[in-house]
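Hi everyone, thanks for coming. Let's take a look at this one together.

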Amino acid sequence: MSGMRAGIACGVAVTVLCAVAAAADDPARHVVSLISQGKYAEARSALDPLLTGDPSAPRLRLADGILRAKEGKTSEAIVVFEQLRSDRPDMFEPLNNLAVLYARQGRLEAARSVLTDALERHPNATAYANLGDVYRSLAERAYARARDLGVGAMPGPGTVRISPGSASLAEPVGEVPLRPAATPPSPSTKTNEGPLALVARDSDDAALVPSAKPAAPSASSQRCLHAARFKNRAAATRSAEWLKLHGAELLEIRHEKRRVVKNYRVYLPAGPNARTAATLKELRGRGLRDVAIIAKGPMAGRISLGLYKSADNAKDRVAQLKKLGYAAKSAANARTLIEHAVRARTGGDRSAFDTAWNARFPGNPVRYIDCP
């Protein structure tokens with residue numbers, strides 16, 4: 001098939017970076033030159049000090065993503081491009097390169113979403129060509145799925161099969177011709193893995209998505225996730241938009257209550273003041289530490305016998321005191337937080353998704369649940 005343009009390389013994928021880096025005073029110039037020559041180790045040695053000095057520089061971060069992809073660190077490169085996408089939505093190159101890597105992983109819906117986003121910001125022939133390749137591969141998956149479901153002989157890519165629906169059974173099933181693609185697939189594009197749905201112009205970026213036997217999405221490949229601990233609805237909404245951009249289907253944004261335990265207090269119930277003071281003196285005389293009368297708050301007048309981070313340690317302390325003849329108790333110092341959570345249906349490469357999510361939302365844990 002026609003090649004997916006903009007493989008991760010200077011002169012193909014990052015034409016704008018190369019053009020800008022040509023300026024004599026641009027620190028990324030030497031790095032880009034090394035990447036284009038395939039000198040990845042030298043490029044890394046030159047780039048890392050620059051990133052340390054200016055970690056937010058968009059051109060250096062773009063070069064870092066490209067280099068990570070060339071080094072075979074696809075998941076890391078995806079994280080770099082996704083962060084650039086969030087921080088610098090005006091940049092075209094991170095979006096296009098991100099789509100290439102998504103396609104390489106078989107995440108065609110995510111690649112389609114990214115390319116659509118890129119084209120809304122920056123109409124570009126390369127991105128349009130890549131989008132066409134993605135749609136072609138999605139179509140191949142759909143045809144393969146139809147064959148798996150036993151539809152029988154399938155029409156060619158230039159037609160759409162229409163189900164009879166509510167029409168009379170005597171009426172034939174029609175076929176509507178589609179407009180041919182502007183750039184027909186090339187039958188000669190092959191590698192040692194067979195024909196490809198998406199290929200790049202660079203030789204080392206050739207195999208992106210094999211199409212000889214596309215992996216059709218199935219219900220078992222989908223899962224639902226629950227992302228929690230968003231402080232407000234605005235934060236939850238931003239994460240929902242991120243999920244949709246990554247090919248997920250939003251199910252709901254919901255309120256949730258979360259009980260947060262600060263620590264566990266061990267104490268003796270309150271008694272007459274004179275008795276409490278005598279008990280405190282007695283405890284200290286028996287060598288017990290961390291004992292004091294609570295002066296204020298809802299537990300004022302009780303004898304505190306220590307604060308513990310874990311419930312188990314508090315239970316051990318209570319057991320120790322009961323052996324000494326004291327009716328100690330424990331209680332959690334807790335508060336209830338009102339937060340938001342997001343539920344969505346997703347699929348694809350879970351490890352790559354988790355890496356990208358943790359980089360973008362490190363304080364919002366995700367757990368996977370049964371889909372409704």
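Predicted model: local features only at pLDDT ≥ 70, side-chain atom pairs only at ≥ 80, totals over all residues.

Residues are numbered from 1 along each chain as its sequence is written, and side-chain values use heavy atoms, with hydrogens and water left out.

Back to our strands. E8 and E9, residues 303–308, pair in the antiparallel sense over two bridges; pairing here asks for at least two bridges found by DSSP. They belong to an open, antiparallel sheet of six strands, ordered E8-E9-E7-E10-E6-E11. Strands are DSSP runs of E with at least two residues, helices are runs of H or I with at least four, and both are numbered from the N terminus. E8 (292–293) and E11 (366–369) are the edge strands with a single partner strand each, so one side of each has no neighbour in the sheet.

Now for the helices. H9, residues 233–245, lies across E6 (223–230), E7 (249–268) and E10 (329–346), and runs at about 40° to E10. H12, residues 350–360, packs on the sheet too, touching E6 and E11, and its direction makes about 15° with that of E6. Angles run from 0 to 180 degrees between N-to-C directions, with axes fitted to C-alpha atoms, for helices over the stretch in contact; contact means heavy atoms within 4.5 Å.

Zooming out, the protein chain has 12 helices and 11 strands.
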